[in-house]
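Me: I would like to learn how to read aromatic pairs, pockets and sheets in a structure. Can we go through one together?

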Amino acid sequence: MIYILNIETATKQCSVSVSKNNELVALRELAEENFNHAEKLHVFIAEVVAEAKISLTDLSAVAVSKGPGSYTGLRIGVSTAKGLCYALNIPLIAIDTLQIIAKHIKISDGVIQPMIDARRMEVFTASFNNNYQMIGETKALILEENSFDDIQDVIHFIGDGAEKSETILKDERFVFHSELKYPSAKEMIQLSYDAFVNNKFEDVAYFEPYYLKDFMLTTKK
């Protein structure tokens, strides 16, 4: 049996799941404005493991959302994942946060454009095809009317940055899925399972989250 613990803390939502052989067994998630990930994460881990009727020692791997996203959220998720992997001597899997968001929807053609709100009119974003393969680089983008003139296909915007983009991007080929805001550990299951069977693991000692922008590391005055 392949049991994987999936941890997603890159945005306002704290989300944890356990999968068994690529199937969801247990899920806990909660989105709050004040980022209570430090309080919720370990509780959620204990709950999903208990619901799955396993112990931590039964885990085959731990998968974590690697970013981009909130500095604090990513730091909490990654440090927890690394600690578990080190203590249990199991592999660490890192999944792109934007790819996790993209998994929320299925399209037959066009482009999936997940967006993470990076304050004001800036978003973290990347382009994916209908097979969830990245076809446009991850970047921090300040939204303008012509931001996506280089993409001629229908574009499906998703994530907590999609809502504010709707006020600027008016082309008929733009489709907005603003109700699907946050990455979920449920959407990590296929991605983490594929990584596991293909031995795509991270170095537990040296792995760091993908913050994308240095300003994410600064503190408020």
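**Rings, a pocket and a sheet**

Reply: Start with the rings. In this predicted model, ring pairs join Phe148, Phe157, Phe174 and Phe176 into a cluster.

Me: How many aromatic pairs does a search of the whole structure find?

Reply: The search finds five aromatic pairs.

Me: What describes a pair of aromatic rings?

Reply: Two values do: the distance of the centres and the angle of the planes. Take Phe148 and Phe157. Their ring centres are 5.1 Å apart and their planes stand at 70°, so this pair is edge-to-face. The cut-off for that class is over 60 degrees.

Me: Are Phe148 and Phe157 buried or exposed?

Reply: Both Phe148 and Phe157 are buried. For Phe157 the relative accessible area is 0%. Buried means under 20%, so Phe157 qualifies.

Me: Which kind of pair do Phe157 and Phe176 form?

Reply: A stacked one. The distance is 5.1 Å centre to centre, with 15° between the planes. Stacked requires planes under 30 degrees apart.

Me: Where in the chain do Phe157 and Phe176 lie?

Reply: Phe157 is in strand E9 (residues 155–158), and Phe176 is in strand E10 (residues 174–177). They are 19 residues apart, and the pair links distant parts of the chain.

Me: Now pockets. What does rolling a probe over the atoms show?

Reply: A probe the size of a water molecule shows where empty space is left. Here, the second largest pocket holds about 200 Å³ of space.

Me: Which residues line the second largest pocket?

Reply: Among them are Ile93, Asp96, Gln99, Leu191, Asp194, Lys200 and Glu202. Strand E5 (92–96) and helix H5 (189–197) are the elements that each give two or more residues to this lining. E5 provides the largest share, four residues.

Me: How many bridges join E4 to E5?

Reply: Five bridges join strand E4 (residues 61–67) to E5, and the two run parallel. In one of the bridges, Ala63 has Ile93 of E5 as its partner. Ile93 also lines the second largest pocket.

Conventions: Residues numbered from 1 in each chain as written. Predicted model: local features only at pLDDT ≥ 70, side-chain atom pairs only at ≥ 80, totals over all residues. Heavy atoms only, no water. Phe/Tyr/Trp six-rings, centres within 6.5 Å; stacked < 30°, edge-to-face > 60°. Buried < 20%, exposed > 50% of the residue type's maximum accessible area, 1.4 Å probe, protein only. 1 Å grid on protein atoms, 1.4 Å probe; cavity = no way out; pocket = protein on both sides within 12 Å on 5 of 7 lines; lining within 4 Å. Points joined across faces, edges and corners; volume = space filled by probe spheres on them. Pairing = 2+ DSSP bridges.
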